[in-house]
Amino acid sequence: MITYPGLIAKSARRADLCSIDLKYCLSYIVDMADEKTIQQQIDRLMKQYELGGDVVALKYLEKTDGKYEEFPVSLNYRIKEVLESRGIDRLYSHQSESIESILEGKNVVVVTPTASGKTLCYNLPILNQILKKPETRAMYLFPTKALSQDQMDELHSLITDLGEDIKTYTYDGDTPDDARRAIRGVGHIIITNPDMLHTGILPHHTKWVKLFENLKYIVIDEMHYYRGVFGSHLANLFRRLKRIAAFYNSNPQFILCSATIANPKELAETMIEEEVTIVDNNGAPRGEKYFFFYNPPIVNRELGIRANYINTARRLTTDLIDNDISTITFATSRLNVEILTRYLKERFDKGITDKGYIRGYRGGYLPLVRREIERGLRDGGIKGVVSTNALELGIDIGSLEA
């Protein structure tokens with residue numbers, strides 16, 4: 001379930017609705033990944049839920065073509081060979097622009113939509129610099145462990161194809177003590193989160209001398225996540241980080257990434273207190289999508305009570321999975337996740353499909369369980385996931401259909 005505020009107001013006017021009960025409103029996106037299957041589902045939904053009834057908004061986004069540029073001249077030829085072996089013979093325009101700006105030594109903020117290839121914007125120039133100067137160190141900051149693991153797998157795959165001994169490690173609460181000691185001395189790229197930076201790295205900087213003496217890059221992904229009081233705390237955290245780096249005679253370069261927001265340059269410069277170059281000309285292609293905004297029907301008009309949204313989400317999710325459409329459903333609490341997961345498991349895990357077809361995901365699960373679910377989503381072994389926002393920032397949704 002994905003809320004889409006900009007769609008609400010525009011479509012509400014178009015449907016001549018006076019008000020929408022946002023507390024119980026549900027929204028879902030159907031991505032045209034498998035054109036035949038999805039189109040059949042769209043046609044059925046259009047007949048089943050007419051606009052102006054329970055579907056209070058319906059929006060269609062046309063597909064757009066990509067904008068491409070050649071590899072930057074300064075990019076190492078071995079990186080180019082690895083990319084070409086994967087079928088990547090050129091970059092999206094925003095990737096090329098970002099890489100050139102980073103290699104020129106500028107602080108950069110990349111602002112493009114989800115699944116537009118932002119990861120390559122910082123992985124390629126950082127690996128390029130490490131190949132050039134092996135003592136170079138980098139630190140990646142992600143807001144959730146799930147996202148850290150997802151990015152770790154992608155980066156490790158790229159390094160494996162390069163055939164270089166570039167050591168990349170995740171340093172968070174799940175990292176064993178004996179591994180932490182090794183990481184401090186040999187890690188080229190440290191993947192962590194703000195909490196671990198605050199409690200496990202900065203207070204013990206004397207154990208991280210090799211990192212801070214050679215710290216060249218700091219990557220801050222999902223920048224829009226750091227807002228409000230949390231963002232204020234993070235700004236102070238970066239002041240500490242820069243002060244400690246200066247103590248070890250290093251001046252790290254910042255690379256920030258975000259989904260589309262209104263004021264990325266202002267937010268980035270406020271956060272790191274340095275000038276940044278903005279890259280927001282998205283060159284990635286986009287597949288066509290349908291947005292449905294569904295309001296559960298009113299069951300008591302006098303009291304304004306609507307149908308139970310848990311049961312409504314259960315019915316919509318079941319409907320999609322029954323039609324072989326991979327689906328993720330976001331719930332507002334851990335309790336709701338467990339309730340919805342149980343309902344769906346009762347429907348799908350009783351001899352109809354293999355056990356594990358439906359999974360829940362929330363904070364509190366053991367690390368191995370979370371990694372298993374993330375792998376299942378990527379390889380298609382799991383068809384439906386019910387999650388809190390613990391997963392929202394932790395999975396590439398490009399392979400999902402709804």
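Residues are numbered from 1 along each chain as its sequence is written, and side-chain values use heavy atoms, with hydrogens and water left out.

Now the chain as a whole. Of its 402 residues, 50% count as buried, and the secondary structure comes to 14 helices and 17 strands, these being DSSP runs numbered from the N terminus, with helices (H or I) of at least four residues and strands (E) of at least two. If we take contacts, meaning heavy atoms within 4.5 Å, between residues at least 6 apart in sequence, 74% of them join residues at least 24 apart.

How confident is the predictor, in terms of mean pLDDT? The mean pLDDT, on a scale from 0 to 100 for each residue, is 83 for the protein chain, and 84% of the residues reach 70 or more. Over residues 1–23, however, pLDDT stays under 50, although the model has 37 contacts beyond four places in sequence for that stretch. Where pLDDT is low, the predicted coordinates should not be read in detail.

Let me return to the aromatic residues. The structure holds twelve aromatic pairs, a pair being two rings of Phe, Tyr or Trp (its six-membered ring) with centres within 6.5 Å, called stacked if the planes are under 30 degrees apart, edge-to-face if over 60, and tilted for the rest. One of them joins Tyr68 to Tyr92, a tilted pair with 5.6 Å from centre to centre and 45 degrees between the planes. Because Tyr68 lies in strand β3 (residues 68–69) and Tyr92 in strand β4 (residues 91–92), this pair ties together parts that are 24 residues apart in sequence. Tyr68 is partly exposed, at 36% relative accessibility. Tyr140 and Phe142 have ring centres 6.2 Å apart and planes at 75 degrees, so their pair is edge-to-face. Both of these residues, Tyr140 and Phe142, are buried, and together with Tyr122 they form one aromatic cluster.

Which residues touch the most other members of the largest nonpolar core? Among the 35 residues of that core, they are Ile79, Tyr122, Leu124, Ile126, Leu127, Tyr140 and Ile189, where a nonpolar core is a set of buried Ala, Val, Leu, Ile, Met, Phe, Trp, Tyr and Cys residues joined through side-chain atoms within 4.5 Å. Helix α5 (residues 118–132) gives the largest share of this core, eight residues. Leu127, if we leave out residues up to four places away in sequence, touches Ile79, Leu155, Leu158, Ile159, Leu162, Ile166 and Ile189. Apart from this core lies another, of 31 residues, including Met139, Ile183, Leu215 and Val276.

Next, Met152 in helix α6 (residues 145–162), which counts as buried at 13% relative accessibility. Neighbours within four places aside, Met152 is in contact with Thr168, Tyr169, Thr170 and Ile191; Met152 and Tyr169 are 17 residues apart in sequence, and their C-alpha atoms are 7.6 Å apart.

Thr136, in the loop between α5 and β6 (137–141), is likewise buried, at 5% relative accessibility. A polar atom of the Thr136 side chain lies 2.8 Å from the backbone oxygen of Lys133, and Thr136 touches Gln129, Ile130, His188, Asn214, Lys216 and Tyr217, not counting residues up to four places away.

I will finish with two loop residues. Most residues other than glycine have a negative phi. Asn249, however, has a positive phi, near 65 degrees; Asn249 lies in the loop between α10 (228–247) and β10 (253–258), and is exposed, at 73% relative accessibility. Asp324 has a positive phi near 65 degrees and sits in the loop between α12 (309–322) and β15 (327–330), where, at 46% relative accessibility, Asp324 counts as partly exposed.

Note on methods
Predicted model: local features only at pLDDT ≥ 70, side-chain atom pairs only at ≥ 80, totals over all residues. Buried < 20%, exposed > 50% of the residue type's maximum accessible area, 1.4 Å probe, protein only. Polar contact = N/O pair within 3.5 Å; in protein donor to acceptor, adjacent residues only side chain to side chain.
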